[in-house]
Amino acid sequence: MQNNIPIDSLETLVEEAQTGNIPAFEKIVRRHQAYAFAIAFRFMCDESDAQDIVQESFIRIWRHLHEFDLGMKFTTWMYRIVVNLCYDKIKSNKRRANVFTRSNNNPFVENCIGHIDLEQAFSDKETAALIRSLAGGLSEKQRMIFLLRDLQDLSIKEVSDITGMSESAIKTNLCYARERIRKKLESLKVCQ
Amino acid sequence: MTCKELQNLLYSARIDEFNPTDFEFLKHHLAECESCAAVFYKVSNAERILTRIKETVPRIPDEEALTESIIAAIAGFKRQTADVRSNTFFDRLYDVCSMKVVRIACTLVFLFCIISYMTMEYNDAKAIVGLEQRMGNQSVSNRAGVFYQDMNILDFLHGLYMLSNGTISSVELTKTLVLIKKADLQNLLKDYKTLDEASKVRLNAMYAEYIKEEPSLPFGSKNNSVEAAALQNEIKRLRMELERSNKTKERP
């Protein structure tokens, strides 16, 4: 596939892609799919679901790229699409939603966490098991806010733009989520 | 700040988010308070694990394959750029309909139509209720008669039928028709002397019909029967006058 975009700034790539330039869009995909995957994976805790969401997100971005306002931050717009698709996936996948609600007492997860070596880097599966366990009892929005703010390191303003919630609501939900997660970590006895 | 407040803050906020005053308080307080120091230790450990989770960035198993599948999927779509979209009439129509102003205008027009229709219906219902209250004790025929002045006979019969909620009998309808004829006859007789020949012939025909349907009178009302009897006498007198007039004409 030809790939002759002279300047590689994100704005230029987006402008090029808006005119239907597929190579420019391919560059955007290559540059941002890892971030999109990280959010989707941390939220869904499932590799396959996360890949589906990433694919669907970029397809949706391509189809609505002509509506994108160049004055807006592209990554915020992209994250918003990913987040919405995550919510859709959760809603459509009741089995998975049930896993989340049951995860507080999921013996598999507890067992998995018991074997995690905190002195070494986690594998993706261990991370998924930890997040799934810690997020149990949190609402989808609280989980997403915690994920975007504390795991993706986005600012409160960006989280607000992505989720469409007010900054004060973000802070309230974030405090609640952090408290629950930290106390959960205590109860799992991985902090001692 | 109390110990409880500090511990709540430790659980719900990150250390780097503490404002300078709280941070200073934390530094001094931890040296004095074992309970808060224990909480701080637990929270720090939890934070360490969360940091480790954050550092573990999930990796796409096959990035190249995912990129290719995305590009293959979008290549199948029609290029939906602004230029291409504005090429066809339907695309332009879609663009216009997508405009916020147009959507708001359509909503307002729709609401206006709905409100107008509801208002009309409400006024009609109100008028009917008023009419019903005014004529609650009247017979169906009399109620229908109110409308007769400004209506033709078909409208009148339809109104009569609707007022009776579809329960009117054929006898009641006949009575009503006779009443109409009587009213017509009265009007006719009022100006009898100025009538032309054709009208006089019509008067005779109406009278004959009136007499024929007379058995169904007097409509259950005393006033009606008196009125009918007076009318009958008047008509008889007029008929005699008419016959005398005809005989005079027949003489050579």
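**Note on a predicted two-chain helical model**

1. Chain B has a secondary structure of twelve helices and zero strands, where helices (H or I, at least four residues) and strands (E, at least two) are DSSP runs numbered from the N terminus. Read from the N terminus, the elements of chain B therefore follow the order α-α-α-α-α-α-α-α-α-α-α-α. Of its 252 residues, 12% count as buried, a residue being buried if 20 or more other C-beta atoms lie within 10 Å of its own, exposed if 12 or fewer, and partly exposed in between, with C-beta atoms placed from the backbone.

2. The model is predicted, and local features need pLDDT of at least 70, side-chain atom pairs count only at pLDDT 80 or more, and totals for chains, interfaces and linings use all residues. Residues are numbered from 1 along each chain as its sequence is written, while chains are lettered from A and ligands numbered from 1 in the order in which they are written.

3. Chain A comes to ten helices and zero strands, and 37% of its 192 residues count as buried. Among the contacts in chain A with a separation of 6 or more, 57% are between residues 24 or more positions apart, two residues being in contact if their C-beta atoms, placed from the backbone, lie within 7 Å. The corresponding value for chain B is 53%.

4. In the largest nonpolar core, which has 59 residues, Ala40(A) and Val82(A) touch the most other members; a nonpolar core is a set of buried Ala, Val, Leu, Ile, Met, Phe, Trp, Tyr and Cys residues joined through C-beta atoms within 7 Å. H2(A) gives the most to this core, with twelve residues. When neighbours within four places in sequence are left aside, Val82(A) is in contact with Ala36(A), Ile39(A), Ala40(A), Ile53(A) and Ser57(A).

5. Tyr87(A) belongs to helix H4 of chain A, and it counts as partly exposed because 14 C-beta neighbours lie inside 10 Å. The C-alpha atom of Tyr87(A) is separated by 10.0 Å from that of Ala40(A), although the two residues are 47 residues apart along the chain.

6. Between the chains, 41 residues of chain A are in contact with 33 residues of chain B. On the side of chain A that touches chain B, the elements giving two or more residues are H2, helix H3 (47–63), H7, H8 and H10 of chain A, and H2(A) gives the most, with eleven residues. By class, this side has 21 nonpolar, eight polar and twelve charged residues, where Ala, Val, Leu, Ile, Met, Phe, Trp, Tyr, Cys and Pro count as nonpolar, Asp, Glu, Lys and Arg as charged, and the others, Gly among them, as polar.

7. The axes of H2(A) and helix H4 (residues 63–75) of chain B come within 10 Å and cross at roughly 145°, the axes being lines fitted to C-alpha atoms, for helices over the stretch in contact, with angles running from 0 to 180 degrees between N-to-C directions. The contact is made by Ile22(A), Phe25(A), Glu26(A), Val29(A), Arg30(A) and Gln33(A) of H2(A), and by Glu63(B), Leu66(B), Thr67(B), Ile70(B), Ile71(B), Ile74(B) and Ala75(B) of H4(B). By class, the contact of H2(A) with H4(B) has eight nonpolar, two polar and three charged residues.

8. Helix H8 (residues 140–151) of chain A has twelve residues and should span 16 Å at 1.5 Å a residue, which agrees with the 15 Å between its end C-alpha atoms; the expected span is 1.5 Å times one less than the number of residues. H8(A) is mostly covered, with nine of its twelve residues buried, including Arg143(A), Phe146(A) and Arg149(A). These buried residues of H8(A) pack against helix H2 (22–44), helix H4 (74–92), helix H7 (124–135), helix H9 (156–163) and helix H10 (167–187) of chain A together with helix H3 (34–55) of chain B.

9. Cys45(A), in the loop between H2 and H3 of chain A, has a positive phi of about 55° although it is not a glycine, and Cys45(A) is buried because 25 other C-beta atoms lie within 10 Å. Asp153(A), in the loop between H8 and H9 of chain A, also has a positive phi, near 60°, in a residue other than glycine, but Asp153(A) is exposed, with 9 other C-beta atoms within 10 Å.
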